[in-house]
Amino acid sequence: MTSTTIRTSLTAALASAALVLSGCAAGAEDEAPEMEAAPMMTEVIVVGSQAYYSNEIIAEIYAQALESAGYEVERKFQIGQRDAYLPELESGAVDLFPEYTGNLLQFYAPDTMATQADEVYEELQGALPEGLTALAMSPATDQDSYNVTAEFAAENNLVSIADLAGIDGLVLGGAPELEERPYGPTGLLETYGVVVAFDATGDITVDALLEGVISLANVYSGDPRIAEFGLVTLTDPEGLFLASNVVPIASSDVAAELAAIIDPISLALTPEALVALNLQSIKDQLSAADIAAAWLSENGF
Amino acid sequence: MDVLRDALVWLSESEQWSGDGSLPRRVMEHLYYTGLAVVVAALVAIPAGYFVGHTTRGSTWLVGLAGAARALPSFGLILLLVLLFGVSGRETAAVLALVVLGIPPLFAGAYSGIHQIPRTVIDAARAQGMTEWQILWRVEAPLSLPVLLGGLRQSVLQIVATATLVAYVGLGGLGYDIIQGIPLRRFDQTVGAAIVIVALALTLDAFLALATRLATPRGVRVGRLADVRAR
């Protein structure tokens, strides 16, 4: 069904040489003459998302915004992990995908030294493969962060990760891969001189912190449980963590026209707004579609 | 096939064979949870299966319950039990989830092992003046042992495979290398650990297959080859 729609729209928009690159148009190359195109209002934009509830909400926001701008949108949500969906994006089968600057940069450039938000964004633009464009990044972040309980922070006067140095018996909890990540136990020791044991608490990390099984927890900064349980996120003055702002990744051939609609949304999506969106999903069990619709109308889109 | 070759290279590297998170250590963790769960499951399932098999009381609902327990998703059960017991009780929670997984095949083995014994054999034992306990221990238990061990094999196989999941709550085992390797894209490590789990499962199964052979009473084994009465 989509191939017909796409072919129709292609005929309507032959001149846009960029569109020919979209990959769906093999064979249309010869027919692409130099002439002005009609606006591509009938084109189907495929929006994808990770299998992560917060990411799906952002994808749903993009999808609804595009729909109200007159685009036909196909949703390919819950595609899974980067290994599964990046090939889809690169091939042009998916046009728009909410991503995170730091984590995506690490995927394409594992040895990157950048950690601050602007550096990461700049480097990411260079690291993206041909055919993919990063639209404007959002101030909202969803990145690794180290958290302690409020009591533990008060007891030890903790503000930054550096304040942990010298405390005995620290146990760091997080996903199993944290043990091997550059910002894991090794990074803590090298950057801040903090010595920790590691406990691969995975999905139960926050529970483990609250019960005192671990003293330091790696939680995504967009996680509403940080506010819910009054956790204290330690600051990271030395840039141990890679900044990871929400950033829409688009197929280059449609990037310019999508940017007009998506960029204002990215700018309006603040870190607090992202946490609030996540909270509605976790606590109120609202669907991504409802959460997205409410946020768009509240923010005048 | 490159991944497989990489996995074999990974397996042959010396750092996998000594130290804190090394394979021997992971195998021991894996066997610890497997063994503990099998023992507890056997302590619950075998007496229950013998009771139902011997008395045929409660067979309908107990057999039904054991069947229904097979449908419980283990991963969900582990996380649920960890939430109930708290993170400090996660070891109990994980073992309990594995016990629930291991009970149905063991129960079915104990129950149907007795159930398949011809009633005439048991009636004959009773006619000889054996007490109910003597019938259970001297007739039913030995004659049902091969079927029970078949149930034990199934139970061990399921538990050793599912013990992979305890790594999700930070308890280690061979699953740790798998769930750590996937997000790090270290597929040599992921596949390597998977190979070790398969090898472990096959070894345990071969061992139990041998035990089943040895445990089969001579009369039963002969009877399987040829009908003695027909001679």
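Predicted model: local features only at pLDDT ≥ 70, side-chain atom pairs only at ≥ 80, totals over all residues.
How many residues of chain B are in contact with how many residues of chain A?

**Before selecting anything**

Residues are numbered from 1 along each chain as its sequence is written, and chains are lettered from A and ligands numbered from 1 in the order in which they are written.

**Stop 1: the two chains**

Colour by secondary structure; helices (H or I, at least four residues) and strands (E, at least two) are DSSP runs, numbered from the N terminus. Chain A has 13 helices and ten strands. Chain B has ten helices and zero strands, and its elements read α-α-α-α-α-α-α-α-α-α from the N terminus on. Along the principal axes, the C-alpha atoms of chain B fill a box of roughly 65 × 45 × 25 Å.

Burial is assigned by counting neighbours: a residue is buried if 20 or more other C-beta atoms lie within 10 Å of its own, exposed if 12 or fewer, and partly exposed in between, with C-beta atoms placed from the backbone. By this count, 42% of the 301 residues of chain A are buried, and 39% of the 231 residues of chain B.

**Stop 2: the interface**

Display both chains together. Here 15 residues of chain B are in contact with 16 residues of chain A, a contact being a pair of C-beta atoms, placed from the backbone, within 7 Å. On the chain B side, select α4 (74-85) and α8 (175-184), each of which supplies at least two residues. The largest share, five residues, comes from α8(B). This side of chain B divides into ten nonpolar, four polar and one charged residue; Ala, Val, Leu, Ile, Met, Phe, Trp, Tyr, Cys and Pro count as nonpolar, Asp, Glu, Lys and Arg as charged, and the others, Gly among them, as polar.

**Stop 3: the largest nonpolar core**

A nonpolar core is a set of buried Ala, Val, Leu, Ile, Met, Phe, Trp, Tyr and Cys residues joined through C-beta atoms within 7 Å. The largest one has 125 residues, and those with the most contacts inside it are A:Tyr62, B:Ile78, B:Ala94, B:Leu98 and B:Leu106. Helix α5 (residues 90-115) of chain B gives the most to this core, with 14 residues. Domain 1 (43-141 + 245-298) and domain 2 (144-233) of chain A both contribute residues, so the core lies between them.

Next, centre on A:Tyr62. Not counting residues up to four places away in sequence, A:Tyr62 touches A:Val47, A:Leu96, A:Pro98, A:Pro248 and A:Ile262.

**Stop 4**

Select strand β1 (residues 44-48) of chain A. Four of its five residues are buried, so β1(A) is largely enclosed by the rest of the structure. Five bridges join β1(A) to strand β2 (residues 72-76) of chain A, and the two run parallel; strands pair if DSSP finds at least two bridges between them. The bridge partner of A:Val44 in β2(A) is A:Glu72.

**Stop 5: between the domains of chain A**

Colour domain 1 (43-141 + 245-298) and domain 2 (144-233) of chain A separately; their bounds come from an automatic or database domain assignment. Their C-alpha centres lie 28 Å apart. The contact takes eight residues from domain 1 and five residues from domain 2. On the domain 1 side, helix α12 (residues 271-282) of chain A gives the most, with five residues.

**Stop 6: single residues**

Go to A:Val171, in strand β6 (residues 171-173) of chain A. With 17 C-beta neighbours inside 10 Å, A:Val171 counts as partly exposed. A:Val171 and A:Phe198 are 27 residues apart in sequence and 5.7 Å apart in space, C-alpha to C-alpha.

Finally, inspect two backbone angles. A:Gln285, in the loop between α12 and α13 (288-298) of chain A, has a positive phi of about 55 degrees although it is not a glycine. With 7 C-beta neighbours inside 10 Å, A:Gln285 counts as exposed. B:Thr56 lies in the loop between α2 (23-55) and α3 (59-69) of chain B, and its phi is near 55 degrees, a positive value.

Note on methods:
Contact = placed C-beta atoms within 7 Å.
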